[in-house]
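These are my notebook entries on a single structure.

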Amino acid sequence: MELLSEELSNYLENSCEPENDLLKHINRETHLKVSMPRMLSGHYQGRLLSMISKMIAPQRILEIGTFTGYATLCLAEGLQKNGLIYTIDINEELEDMVRVNFKKSDFDPQIKYQIGDAKQIIPTLNETFDLVFIDADKKNNATYYEMIMDSVRSGGLILIDNVLWSGKVLDQEKTDQKTTFINNFNEKVSSDSRVEKLILPVRDGLFIVRKK
């Protein structure tokens, strides 16, 4: 189930800021060389991530789930001059591609890219984050959410991707395990009094959470 028609998706992309050449390259390279390229944030969502980052001008960003680095670079666009973005991914096979792409970017000195289990790496980060983007294995959304909550400043944002799961969250009769994880997580966030929250129906659903 696609939330928006291809025609409307194209209209949205044509109405926002264009991708720069490096993002176009990553988009194309991901679709040519990497399995499950749909995991890429893509043009429209990438511009949304960039816009949110620029609006809050973060000093510290944490991204859980780097994939091929597209969203990382979009988020980095809003960093303050001495800001840093920490990005964590478990997929060693993509590391070389991602590092090459980062080195082509002006943001490379501000990117702290780590390969490994996010559940082990996050406790080693002695930082207070202004912005967190969770886009990794869906079964651990709730784990990551709780792990980073105390490290997010008051007024900071947590973004969680794929929370509508191609509309499967509405199908109560044919619920698979991943959909159950996502539904349970959505219910958890919806009832969390520590935060303000809403879901944007962008691509596969983006939860925007503001810590009180």
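**Entry 1: Phe67**

In which loop does Phe67 lie? I find Phe67 in the loop between strand E1 (60-64) and H4. I take helices (H or I, at least four residues) and strands (E, at least two) as DSSP runs, numbered from the N terminus. The model is predicted, so I note that local features need pLDDT of at least 70 and side-chain atom pairs count only at pLDDT 80 or more, while totals for chains, interfaces and linings use all residues. Residues are numbered from 1 along each chain as its sequence is written, and side-chain values use heavy atoms, with hydrogens and water left out.

Phe67 has a positive phi of about 55°, although this residue is not a glycine. With a relative accessible area of 12%, Phe67 is buried. Buried means under 20% relative accessible area, exposed over 50%, and partly exposed in between (1.4 Å probe, protein chains only).

**Entry 2: Overall form**

I recorded eight helices and seven strands in the protein. A compact globule of 212 residues would have a radius of gyration near 17 Å, and the 16 Å of the protein agrees with this. That radius is taken over C-alpha atoms, and the globule rule is 2.2 Å times the number of residues to the power 0.38. The C-alpha atoms fill a box of roughly 45 × 40 × 35 Å along the principal axes. Of the 212 residues, 51% count as buried.

I then looked up contacts (heavy atoms within 4.5 Å). Among those between residues at least 6 apart in sequence, 70% join residues at least 24 apart.

Helix H2 (residues 21-33) has 13 residues and should span 18 Å at 1.5 Å a residue; its end C-alpha atoms are 18 Å apart, which agrees. The expected span is 1.5 Å times one less than the number of residues. I list Leu22, Leu23, Ile26, Asn27, Glu29 and Thr30 as the buried residues of H2. Their cover includes helix H3 (42-56), helix H4 (70-76) and helix H5 (95-103).

For H3, 15 residues should span 21 Å, and the end C-alpha atoms are 21 Å apart, in agreement. The buried residues of H3 include Gly42, His43, Arg47 and Leu48. Ala57 follows H3 and has a positive phi, near 45°.

**Entry 3: Met39**

Met39 lies in the loop between H2 and H3. At 41% relative accessibility, I count Met39 as partly exposed. Leaving out residues up to four places away in sequence, Met39 touches Phe67 and Asp135. Met39 and Asp204 are 165 residues apart in sequence, yet their C-alpha atoms are 9.9 Å apart in space.

Ala136 sits in the loop between strand E4 (129-134) and helix H7 (141-149). Not counting residues up to four places away in sequence, Ala136 touches Ile64, Gly65 and Tyr144.

Asn162 is placed in the loop between strand E5 (152-161) and helix H8 (177-190). Asn162 is not a glycine, yet has a positive phi of about 65°. At 12% relative accessibility, Asn162 counts as buried.
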